[in-house]
Amino acid sequence: MLGLKKTIVMVGMMGAGKTAVGTALARALGAPFLDSDEEITRAADRSIAEIFERDGEPFFRARETEVLNRLLHGAPCVLSTGGGAFLSETNRSLIRGTGVSVWLRADLDVLWARVRHKSTRPLLRTANPYQTLRALYETRMPFYQEADLAVDSSADLTVEDMAARVVESLLTRPDVLERT
């Protein structure tokens with residue numbers, strides 16, 4: 001059995017599988033799973049889309065940093081973050097200081113196939129959602145490349161296969177997992 005020494009923070013684009021893979025990873029490690037977006041919506045008593053619409057993205061990003069800080073200073077867990085969370089230098093620094101970031105790296109076609117029919121993505125509520133996703137992808141790649149670890153995703157892998165790949169990657173870091 002493997003135990004967590006520090007929080008594992010799942011980062012990457014919308015549709016990369018941060019929540020699904022993070023949940024499977026937490027289950028495999030016998031660790032708690034938390035989702036920063038869920039924590040924000042619970043605290044605000046509103047959906048992410050409603051927060052964006054009413055208060056704007058800067059307000060949302062400020063709440064996101066507050067929630068990340070609180071969760072990172074709690075008990076070690078597997079933590080899924082929103083796609084934009086890792087863009088903030090403050091958030092990257094918080095994660096680097098107390099956890100380990102795992103980038104679920106997926107190509108644009110895989111991401112588009114996963115998000116194209118979802119109405120829960122406020123950033124894709126545009127005239128051309130594919131072009132919007134492409135622009136976000138290109139803008140965000142340099143930030144995601146700063147993650148501690150990168151695990152490649154592919155359309156033919158199951159969520160459990162991806163979680164196993166993440167565990168393999170984490171085992172290269174002696175500061176994250178311990179045999180219990």
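Trainee: What should I know before I start?

Mentor: Residues are numbered from 1 along each chain as its sequence is written, and side-chain values use heavy atoms, with hydrogens and water left out. The model is predicted: local features need pLDDT of at least 70 and side-chain atom pairs count only at pLDDT 80 or more, while totals for chains, interfaces and linings use all residues.

Trainee: In what order do the strands of the sheet stand?

Mentor: Helices (H or I, at least four residues) and strands (E, at least two) are DSSP runs, numbered from the N terminus. Two strands pair if DSSP finds at least two bridges between them. Here 5 strands form an open sheet with parallel pairing, in the order β3-β4-β2-β5-β6. β3 (33-35) and β6 (149-152) stand at the edges with a single partner strand each, so one side of each has no neighbour in the sheet. On average, neighbouring strands are turned by 25 degrees against each other, direction ignored. For such angles, axes are lines fitted to C-alpha atoms, for helices over the stretch in contact, and angles run from 0 to 180 degrees between N-to-C directions.

Trainee: Which residues are bridge partners of W103?

Mentor: W103 of β5 is the bridge partner of V11, and its partner in β6 is A150. β2 (residues 7-11) and β5 (residues 99-105) pair in the parallel sense over 5 bridges, with T7 opposite G99. β5 and β6 also run parallel, joined by 4 bridges; one of the partners across them is L149, which faces V102.

Trainee: How many residues of β5 are buried?

Mentor: Buried means under 20% relative accessible area, exposed over 50%, and partly exposed in between (1.4 Å probe, protein chains only). In β5, 6 of its 7 residues are buried.

Trainee: Which strands does helix α1 lie across?

Mentor: Helix α1 (residues 18-29) lies across β2, β3, β4 (78-80) and β5, at about 155 degrees to β2. For another helix, take α6 (residues 108-115), where L108, V110, L111, W112 and V115 are buried. The buried residues of α6 pack against α7 (129-144), contact being heavy atoms within 4.5 Å.

Trainee: What caps the N-terminal end of α6?

Mentor: D107 does, with a side-chain oxygen 3.2 Å from the backbone nitrogen of D109. A polar contact is a pair of N or O atoms within 3.5 Å; within protein, one must be able to donate a hydrogen and the other to accept it, and residues adjacent in sequence count only if both atoms are side-chain atoms. In helix α4 (residues 57-72), the side chain of T65 makes a polar contact with that of N91 (2.7 Å).

Trainee: How many aromatic pairs are there?

Mentor: Rings of Phe, Tyr and Trp (its six-membered ring) pair if their centres lie within 6.5 Å; planes under 30 degrees apart count as stacked, over 60 as edge-to-face and the rest as tilted. The structure holds 3 aromatic pairs. One of them, F52 with F60, is tilted, at 5.1 Å centre to centre and 45 degrees between the planes. F52 is buried at 16% relative accessible area, and F60 is buried at 2%.
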